Amino acid sequence: MDRFEVVGGAAVTDSQGSALRSDRNVVLQRTLGSAVSCTGQALHSGAEVSMVLHPAPVDHGIVFQRTDIPGPDGRIPASWDNVVNTSFCTVIGNRSGATVSTIEHLMAALAGCGVDNVLIQIDGSELPVMDGSAAPFVFLVECAGTVAQDAPRRALKIKRRVTVEADGKRVELTPARDFQINFRIEFDGTIGRQDYVFGGASGAFKAELSRARTFTFAGEIEQLHAAGLALGGSLDNAVVIEGDRVLNDGGLRYADECVRHKVLDCLGDLYTVGGPIIGHYHGLRAGHGMTNRLLKALFADPANYEWVDQREPAARQPVLTAVPNTPPLRAELGLKLAASA
Ligand SMILES: [Zn+2]
């Protein structure tokens with residue numbers, strides 16, 4: 001049974017008076033408003049694990065701390081260059097050999113909710129899978145609330161096209177003015193070919209992606225179990241497909257739930273760069289491994305990227321510019337504007 005709890009009474013409050021806050025175009029870093037915890041079963045090991053998300057200071061980033069490994073040996077920043085395995089999920093590790101598995105759904109929730117700084121304490125080596133989607137983690141973040149901090153949010157701007165191709169899979173980052181994930185999956189049978197474009201607009205993550213669950217094929221479950229994987233897997237935390245049937249009661253949450261989940265995974269994996277991306281991602285039959293290889297290729301050459309302060313999209317042109325220059329209309333519009341001011 002998954003459990004949630006807001007822990008720690010002293011909520012962090014918005015600090016006031018920063019000059020940064022008077023510049024409405026600058027996006028500020030955010031952390032949680034209070035600590036929040038959850039308990040659940042790990043997908044692969046099947047173990048029961050507890051996790052506490054704590055507010056963290058400016059420029060802290062997203063850092064995991066294994067509470068069963070005291071001190072710095074248990075500390076693992078959620079960074080692309082700490083990714084040590086991508087076979088069935090994203091695993092990060094440090095030099096002491098400590099690892100944390102299946103970080104991608106929580107990372108997607110933090111990316112989708114715009115959380116920059118958080119310390120995640122966990123008493124085992126794998127995150128709880130919850131319902132197989134990012135929705136329970138979005139709920140956790142919403143329970144804690146988020147607060148702005150006194151430093152600009154840094155975004156990774158893609159300056160040059162970077163592509164990785166292997167085994168019929170392809171991933172690419174291209175320069176653009178905004179963020180977008182374009183994804184295509186191709187499977188035999190009932191899933192078939194599915195395309196999805198995620199624009200990253202405010203609120204879109206929660207509505208469009210967060211509830212998409214991980215999926216597997218009934219015929220592969222025995223193989224996974226033999227490899228010591230998916231031991232905590234069930235119809236409560238994964239979509240299971242057998243032939244052309246979805247075995248879960250209630251069927252799919254979205255008709256194209258599988259590709260949406262791949263986009264969710266991708267968003268979480270991309271967040272290991274340490275901030276939002278300004279650029280477009282294109283993924284063909286890709287997964288955790290390909291996305292991590294892409295990030296390694298990106299960071300291999302400093303000419304590929306630059307870090308910039310994130311800014312709100314430019315305000316739209318005033319509506320008056322599109323209105324015929326007739327005095328009565330202008331007068332009427334002026335009245336309306338005054339009334340709504
Ligand atoms: Zn996933």
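Good morning. In helix α2, residues E104, H105, M107, A108, A111 and G112 meet L264, D265, L267, G268 and D269 of helix α6. Sorted by type, the residues of this contact comprise 5 nonpolar, 3 polar and 3 charged. In that sorting, Ala, Val, Leu, Ile, Met, Phe, Trp, Tyr, Cys and Pro count as nonpolar, Asp, Glu, Lys and Arg as charged, and the others, Gly among them, as polar. A contact here requires that the C-beta atoms of two residues, placed from the backbone, lie within 7 Å.

Before I continue, a word on the source. This is a predicted model, in which local features need pLDDT of at least 70 and side-chain atom pairs count only at pLDDT 80 or more, while totals for chains, interfaces and linings use all residues. Residues are numbered from 1 along each chain as its sequence is written.

On confidence, pLDDT expresses the predictor's confidence in each residue, on a scale from 0 to 100. The protein chain has a mean pLDDT of 87, and 85% of its residues reach 70 or more. Two stretches call for caution. Over residues 9-13 pLDDT stays under 50, and the model has 8 contacts beyond four places in sequence for them. Over residues 315-341 pLDDT also stays under 50, with 5 such contacts in the model.

Now the overall picture. The protein chain contains 8 helices and 21 strands, taken as DSSP runs numbered from the N terminus, with H or I over at least four residues for helices and E over at least two for strands. Of its 341 residues, 38% are buried. Buried means that 20 or more other C-beta atoms lie within 10 Å of the residue's own, exposed means 12 or fewer, and partly exposed is in between, with C-beta atoms placed from the backbone. Among contacts between residues at least 6 apart in sequence, 75% join residues at least 24 apart.

Let me return to the helix pair. How do two packed helices come to be described? The description uses the angle between their axes and the distance between the axes. Helix α2, residues 104-113, and helix α6, residues 257-270, pack at an angle of about 80 degrees, and their axes are 7 Å apart. Thus α2 is roughly perpendicular to α6, a label covering 65 to 115 degrees, whereas angles under 35 count as roughly parallel, over 145 as roughly antiparallel and the rest as oblique. The axes are lines fitted to C-alpha atoms, for helices over the stretch in contact, and angles run from 0 to 180 degrees between N-to-C directions.

Is α2 enclosed or open? 10 of the 10 residues of α2 are buried, so the helix is largely enclosed by the rest of the structure. After α2 comes G114, with a positive phi near 70 degrees.

The buried residues are A135, P136, F137, V138, L140, V141 and A144. G145 follows α3, and its phi is positive, near 75 degrees.

V141 deserves attention. This residue sits in helix α3 and counts as buried, with 24 C-beta neighbours inside 10 Å. Leaving aside residues up to four places away in sequence, V141 touches L32, A109, C113, V115 and T146. V141 and V115 are 26 residues apart in sequence, and their C-alpha atoms are 8.6 Å apart in space. In the largest nonpolar core, which has 77 residues, those touching the most other members are L53, A109, L110, V118, V141, V263 and L267. Such a core is a set of buried Ala, Val, Leu, Ile, Met, Phe, Trp, Tyr and Cys residues joined through C-beta atoms within 7 Å.

Among the strands, I take β6, residues 75-77, which holds I76. I76 is buried, with 25 other C-beta atoms within 10 Å. Beyond four places in sequence, I76 touches F64, N82, I92, G93, N94, A98 and V100.

Finally, backbone geometry. Most residues other than glycine have a negative phi. D59, however, has a positive phi near 65 degrees. D59 is in the loop between β4 (48-55) and β5 (62-66) and is exposed, with 12 other C-beta atoms within 10 Å. R285, also not a glycine, has a positive phi of about 55 degrees. R285 lies in the loop between β20 (277-284) and α7 (288-299) and is partly exposed, with 17 other C-beta atoms within 10 Å. Thank you.
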